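Biologist: I have a protein model open and would like to go through it step by step. Please answer my questions one at a time.

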Amino acid sequence: MFISLLLTVLLLAGEFHHPCLSRAETTTNIAHPPRDDEKSAEKDKKDSAAAVETPVVTRHAIAIKGKELAYTVTAGKLPIQNDAGETEAQVFFVAYTASNPSRDVKRPLLFIFNGGPGAAAVWLHLGAVGPRIVRMLPDGRMPPPPFSLEDNDTTWLEWADLVFIDPVGTGYSRATKADLTKKFTAVDGDVDSMGRFIRLYLGRYERWGGPLFLAGESYGAFRAAGLSEYLLEHGIALNGIVLISSVMNLQTLGFDNGNDLPYALFLPSYTATAWYHGKLAPQFQADLDKTLAQAESWAATEYTAALVQGDSLPAAKRREVAGKLAEFTGLDAAFIANNNLRIDSRSFVRELLRDRQQMVGFMDSRFTAPDLEPSNHHGFDPTVTTIRPPYTDAFNHYIRTELGYKSDLEYFVLGGGIGHWDWEAKNSYADTSDNLRNSFAKNPYMKLFVAMGLFDLATPHFSSIYTLNHLGLTPALQKSISIRRYRAGHMVYLDSTSRGELNRDVKQFVEKALAERTQ
């Protein structure tokens with residue numbers, strides 16, 4: 001039923017470019033119900049047709065630094081097939097290729113995806129990387145509707161070709177059968193499907209033999225780390241990986257009983273947030289970088305030692321730690337003591353600006369919203385309410401009017417197509433940092449760039465640093481990692497200044513990675 005419904009939608013939307021049933025054939029089927037073998041043959045025919053949907057190709061140009069950049073956009077789906085050749089999902093993508101003046105030089109190719117799990121690639125696509133981006137206010141806040149797009153003068157297309165991928169259950173990507181969805185909503189199934197997509201794209205669009213990079217944000221970093229080793233095991237070596245607001249080890253984020261690690265790792269982000277909203281004492285408000293260095297040092301030493309002692313921590317030391325936490329977080333020492341020196345992110349975002357009747361955002365703690373239900377521990381995220389409407393509206397308009405791709409399916413920008421996610425971790429935390437470490441060992445030429453926002457309470461920067469510092473790499477391999485911190489949130493590119501800095505830094509990273517090929 002799901003396949004029939006999907007094909008009907010595609011036919012009505014004009015996406016499905018293979019011959020459909022004629023009126024005579026339809027009438028015959030109604031008058032003479034098909035036998036089981038005919039039904040099976042018809043189903044196979046539809047499956048085969050759906051697997052070869054023809055993408056839509058359009059041509060465009062924008063001006064960058066006074067020069068015209070001409071490019072081609074391909075929007076469509078590729079079939080994800082199992083080892084038996086059966087199509088189990090259709091994955092939607094939008095690819096950008098710039099006109100190359102020299103056919104002898106192959107431009108770098110970046111495969112780009114967001115996270116969630118359950119987020120489409122629209123955020124990086126129309127927020128930072130593509131040639132067209134959503135028009136937001138300079139600091140990333142939502143402008144008044146209706147929303148619009150503008151040319152991106154910091155597009156990565158200037159120096160690389162781009163493929164934005166929506167994993168199964170996001171964007172327009174769907175499993176061919178409802179009962180197959182669970183296969184793709186799991187760590188290994190997700191990595192496998194993305195790996196199969198990349199292999200298929202390289203073949204269909206003749207991109208074998210060129211420089212390859214991955215770029216993933218949030219859970220997309222978790223996915224990229226897993227993909228790095230998966231691709232190697234299938235003969236595809238990467239030149240580099242770009243991780244934005246990364247998480248690879250979920251223990252660093254899990255506020256669970258017995259897991260004290262996140263309390264120390266989130267603290268510097270609490271400090272940055274309190275600094276932004278003017279909640280720190282004057283000596284800490286003066287210089288954010290200096291204050292963060294102190295917070296990080298204290299979190300990794302005295303605070304961690306206090307947490308390790310648990311109930312055995314002496315009362316005097318407990319009061320001392322509560323006071324120091326109050327200085328670094330802007331929270332009341334009594335509140336901290338009542339929470340056993342352990343402040344999870346949900347408590348922090350509701351408590352910091354309680355005196356102003358406001359809450360701060362998780363993904364970008366610069367953003368605020370009125371806190372109309374202060375007793376409700378599970379409020380909304382002001383960041384999501386800021387970004388969801390403009391990105392949803394702008395993408396749906398863009399894909400139809402500028403790129404000419406039509407579909408009646410809902411484009412799932414953030415959630416909606418993903419239900420239960422199987423982390424495949426039994427009595428432990430999901431972790432793909434091991435895959436990344438193995439990839440460095442197997443491919444010593446691979447480089448890694450990690451971007452992190454100081455006002456990110458979803459994947460805090462100190463958590464990312466902790467994971468990188470525990471990869472167990474040799475000193476020589478550690479030199480392959482570059483780290484950059486931005487005064488922005490989870491989506492560092494929402495801030496226009498940080499977006500320009502991110503483009504500059506990633507461009508330099510890619511150029512350096514490619515330069516080593518000729519040395």
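Biologist: Is L341 buried or exposed, and what is its relative accessible area?

Modeller: This is a predicted model. L341 is found in the loop between helix 12 (333–338) and helix 13 (345–351). A residue counts as buried under 20% relative accessible area. L341 is therefore buried, with a relative accessible area of 2%.

Biologist: What is phi of L341?

Modeller: Most residues other than glycine have a negative phi. L341 is a residue other than glycine, yet its phi is positive, near 65 degrees.

Biologist: Is E206 buried or exposed?

Modeller: E206 lies in the loop between helix 6 (187–204) and strand 9. E206 also has a positive phi, near 55 degrees. Exposed means over 50% relative accessible area. The relative accessible area of E206 is 64%, so E206 is exposed.

Biologist: Which residue is joined to P117 by a cis peptide bond?

Modeller: P117 sits in the loop between strand 4 and helix 4. Most peptide bonds are trans. Here omega is about -10 degrees, and the cis bond joins P117 to G116.

Biologist: Where is P146 found?

Modeller: A cis peptide bond joins P145 and P146, with omega about 5 degrees. P146 is in the loop between strand 5 (132–134) and strand 6 (149–151).

Biologist: How many residues of helix 4 are buried?

Modeller: Helix 4 covers residues 122–129. Its buried residues include W123, H125 and G127. Helix 4 is largely enclosed by the rest of the structure, because the number of its residues that are buried is eight of eight.

Biologist: Which residues of strand 9 point the other way from L212, L214 and G216?

Modeller: In a regular strand the side chains alternate between the two faces of the sheet. Strand 9 (residues 212–217) is mostly covered, with six of its six residues buried. L212, L214 and G216 point one way, and pointing the other way are F213, A215 and E217.

Biologist: Which residue of strand 10 is the bridge partner of G216?

Modeller: Strand 9 pairs with strand 10 (residues 240–244) in the parallel sense over five bridges. In strand 10, the bridge partner of G216 is L243.

Biologist: What is the handedness of the crossover from strand 9 to strand 10?

Modeller: Leaving strand 9, the chain passes through helix 7 (residues 219–233) and then reaches strand 10. This β-α-β crossover is right-handed.

Key
Residues numbered from 1 in each chain as written. Predicted model: local features only at pLDDT ≥ 70, side-chain atom pairs only at ≥ 80, totals over all residues. Heavy atoms only, no water. Buried < 20%, exposed > 50% of the residue type's maximum accessible area, 1.4 Å probe, protein only. Helix = DSSP H or I, 4+ residues; strand = E, 2+ residues; numbered from the N terminus. Pairing = 2+ DSSP bridges. Right-handed = clockwise from strand over helix to strand, strands pointing away.
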